[in-house]
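Open the structure in your viewer and keep the selection tool at hand. Each stop below says what to select and what is there.

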Amino acid sequence: MAVEASGKSGIVSDDYLHIMEGTITVNTTTSATVSGSDTLKPACLKANDYIKVTGGTLDLSSSGTGAKGISCDGYGVFRGGIVNVTVTGSNYGSSGGGGGFHGGGQSSSDGVSAKGIKFDGNLSITGGKLIVKATSHEGMESKGTISISGGEVYSYSQSDDAINSAGEFTISGGYVCGYSAGNDGLDANGNCYIKGGVVYAIGSSSPEVAVDANTEGGYKLYVEGGTLIAIGGLESGSSLTQDCYSASSWSQNTWYALTVGSTVYAFKTPSSGGTPLVVSGASTPTLSSGVTVSGGTSCFEGLLCQDASVSGGSSVSLSSYTGGNGGGGGPGGGGHGPF
């Protein structure tokens, strides 16, 4: 099924949406408008109660000002299927609180933000594949909590957080990549827990970090398990019960090999980002730079490859890391990612 929408949203439900199978393509060009108490907030998929995806393939693209790929007043569940979301429109109007749209400020009545995926309720991901790209605001956002225990999630934002949770953010499994060229890679306004899975987080330069938690509000980042690669460092004051290690500098657009036990993760660095490069795993990891990569299973739009054959390169010295994005020698400027 293909939907072209100009002047309205793509697929809308006053109750819920459940996608179980099939191929759905939605392209919207509608822009947000505000007139008095009436606000048009267009999206490719929109529902009041909840949105659930358990199968099928969704290709969603939105180019309108202030428009979103997926928007829901309730909660979201992703258990299967393939979801591709691309939002290229700019924000509409301005946000309240004097903070502007950048940084995730709450929107006032005269501002509507252009986000990839936004849920007012909790967001749960246990399977499937999500690829989200947004130009002007967050790639993925929940006004509740975010829980990821399976599947593959790649979210890119050119100017704001790649993945943002207004409450707790927990990763216990799956493959998760949050890549921001202008803010934090992964951001929680409550506690953030990394308990398992493979996590690749990329944040921009200081004061932004790869993985952020609301320490100002008394919350923390907890690294308790999983395999972690973080460009831009971790929130200061983090609780790192699984040891983390850092390299004070890294090279742009370069393949690295992270070895944890018998598993090799090859990952490519971006064209810009913060320092330091932090890694963590179930056993003491080793890191090499400038490797040649072949084979393996690719994910995160080609930024990471598991069980690949790697050769060449040079060993990278790692030191014990306790949190914060200090460290020097990081890369200079560069492009703002794939857009």
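**Before you start.** This is a predicted model: local features need pLDDT of at least 70, side-chain atom pairs count only at pLDDT 80 or more, and totals for chains, interfaces and linings use all residues. Residues are numbered from 1 along each chain as its sequence is written, and side-chain values use heavy atoms, with hydrogens and water left out.

**Stop 1: the whole protein.** Show it as a cartoon. There are 38 strands and zero helices. Both are DSSP runs numbered from the N terminus: helices are H or I with at least four residues, strands are E with at least two. Now colour by burial. Of the 339 residues, 55% are buried. Buried means under 20% relative accessible area, exposed over 50%, and partly exposed in between (1.4 Å probe, protein chains only). Switch to the surface. The accessible area is about 12,400 Å², and carbon and sulfur atoms hold 44% of it. The areas come from the Shrake-Rupley method with a 1.4 Å probe; for residues, only the protein chains shown count as cover.

**Stop 2: the parallel sheet.** Select S2, S7, S9, S13, S15, S18, S21 and S24. In that order, these eight strands form an open sheet with parallel pairing. The edges are S2 (11–13) and S24 (211–212); each has a single partner strand, so one side of each lacks a neighbour in the sheet. Strands pair here if DSSP finds at least two bridges between them. Zoom in on S9 (residues 68–72) and S13 (residues 117–119), a parallel pair with three bridges. Serine 71 sits opposite lysine 118 of S13.

**Stop 3: the cores.** A nonpolar core is a set of buried Ala, Val, Leu, Ile, Met, Phe, Trp, Tyr and Cys residues joined through side-chain atoms within 4.5 Å. The largest has 52 residues. Select Ile70, Phe78, Met140, Ile163, Phe169, Val211 and Leu234, which touch the most other members. A separate core of 27 residues includes Tyr200, Phe300, Leu303 and Val316. Return to Phe78. Leaving out residues up to four places away in sequence, its contacts include Val53, Ile70, Val83, Phe119 and Leu130.

**Stop 4: the salt bridges.** How many are there in the whole structure? The search finds five. Each is a side-chain nitrogen of Lys or Arg within 4 Å of a carboxyl oxygen of Asp or Glu.

Select lysine 115 and glutamate 138. Their closest N and O atoms are 3.4 Å apart. Glutamate 138 lies in the loop between S14 (123–134) and S15 (140–142), and lysine 115 in the loop between S12 (107–112) and S13, so the pair ties together parts 23 residues apart in sequence. Glutamate 138 is buried at 0% relative accessibility, and lysine 115 is buried at 5%.

Glutamate 141 is buried, at 2%.

Finish with glutamate 301 and lysine 133, 3.1 Å apart at their closest N and O atoms. Glutamate 301 is in the loop between S34 (297–299) and S35 (304–306), lysine 133 in S14, 168 residues apart. Glutamate 301 is partly exposed, at 44%.

Technical notes. Contact = heavy atoms within 4.5 Å.
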